[in-house]
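I opened a new notebook page for this chain. My entries below follow what I looked up, in order.

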Amino acid sequence: MSRKTTKSILSRDEVCLLLYSEEPKNTEVYGNLYEVLLTIKDLKAITSDELQNLKLNKTGLAALTYNKESLMDSVKREWYVESQSAEDPDKKVRCGLCNTPNKYLFYIKNRINYKQVNVGSFCMTKFPGID
């Protein structure tokens, strides 16, 4: 019995970062990517097949397939660390990107839309381009 394995094209934390950012709203470059991401009910890692089932157009799929690194670099440039690590010894606060309970939190802010997100130390290492 073989098990079908599918690789996600976007992780949960990438989906969240894209939703909080302005770059993916550019429909000329990214098609309906942002609109499709808004329809995801349960924030989770997602495959290209799942995105196509949600009616992601060819422009959006191409952006994720061929230009994902460029997209994520542009998104990361929108963000900066607003305040350094705060400690939550009880780990009651969850990372705003991956939803993991964190002892150490950073607060990042978007330069364009001014949204602020608390981010755990692990997610900070996954997005090194954030100033």
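**Entry 1: a pair in H6**

Which side chain meets that of Lys 76 in a salt bridge? I looked it up and found Asp 73, at 3.9 Å from N to O. I noted the rule: a salt bridge is a side-chain nitrogen of Lys or Arg within 4 Å of a carboxyl oxygen of Asp or Glu. Lys 76 and Asp 73 are three residues apart in helix H6, so about one helical turn separates them. Lys 76 is buried, with a relative accessible area of 12%. Asp 73 is partly exposed, with a relative accessible area of 32%. My cut-offs for these words are under 20% relative accessible area for buried, over 50% for exposed, and partly exposed in between, with a 1.4 Å probe and protein chains only.

**Entry 2: ground rules**

This is a predicted model, in which local features need pLDDT of at least 70 and side-chain atom pairs count only at pLDDT 80 or more, while totals for chains, interfaces and linings use all residues. Residues are numbered from 1 along each chain as its sequence is written, and side-chain values use heavy atoms, with hydrogens and water left out. Helices (H or I, at least four residues) and strands (E, at least two) are DSSP runs, numbered from the N terminus.

**Entry 3: other salt bridges**

How many salt bridges does a search of the whole structure find? It finds six. One of them joins Lys 126 and Asp 13, with the closest N and O atoms 2.7 Å apart. Lys 126 lies in helix H7 and Asp 13 in helix H1, so this pair ties together parts that are 113 residues apart in sequence. Lys 126 is partly exposed, at 34% relative accessibility. Asp 13 is buried, at 5%.

I also looked up Glu 22 and Lys 25. Their side chains meet in a salt bridge at 2.9 Å, N to O. Glu 22 counts as partly exposed at 23% relative accessibility. Lys 25 counts as partly exposed at 33%.

**Entry 4: Glu 78**

Is Glu 78 buried or exposed? It is buried, yet it has no salt bridge. The nearest side chain of opposite charge is Lys 25, 8.1 Å away. For charge, Lys and Arg count as positive and Asp and Glu as negative; His and the chain ends are not counted.

A polar atom of the Glu 78 side chain lies 2.7 Å from the backbone nitrogen of Glu 23. I then listed contacts, meaning heavy atoms within 4.5 Å. Leaving out residues up to four places away in sequence, Glu 78 touches Ser 21, Glu 22, Glu 23, Lys 109, Asn 110, Arg 111 and Ile 112.

Gly 129 sits in the segment after H7. Gly 129 is partly exposed, with a relative accessible area of 35%.

**Entry 5: the core**

I turned to the largest nonpolar core. The term covers a set of buried Ala, Val, Leu, Ile, Met, Phe, Trp, Tyr and Cys residues joined through side-chain atoms within 4.5 Å. Which of its 34 residues touch the most other members? They are Leu 10, Leu 37, Leu 51 and Leu 97. Among the elements that give two or more residues to this core are strand E1 (8-10), helix H3 (33-38) and helix H5 (58-66). H1 gives the most, with five residues.

H1 is mostly covered, with seven of its nine residues buried. Val 15, Leu 18 and Leu 19 are among the buried ones. Leu 37 touches these three, and also Leu 10 and Leu 51, not counting residues up to four places away in sequence.

**Entry 6: hairpin and loop**

E4 and E5 run antiparallel and are joined by five bridges. Two strands pair if DSSP finds at least two bridges between them. Val 117 in E5 is the bridge partner of Ile 108. The two strands form a hairpin with five residues between them, and Tyr 114 in the turn has a positive phi of about 65 degrees. E5 is mostly covered: four of its five residues are buried.

Last, I looked up Cys 98, in the loop between E3 and E4. Cys 98 touches Arg 12, Asp 13 and Cys 123, not counting residues up to four places away in sequence. Lys 44 is 54 residues from Cys 98 in sequence, and 8.7 Å in space, C-alpha to C-alpha.

Key: A polar contact is a pair of N or O atoms within 3.5 Å; within protein, one must be able to donate a hydrogen and the other to accept it, and residues adjacent in sequence count only if both atoms are side-chain atoms.
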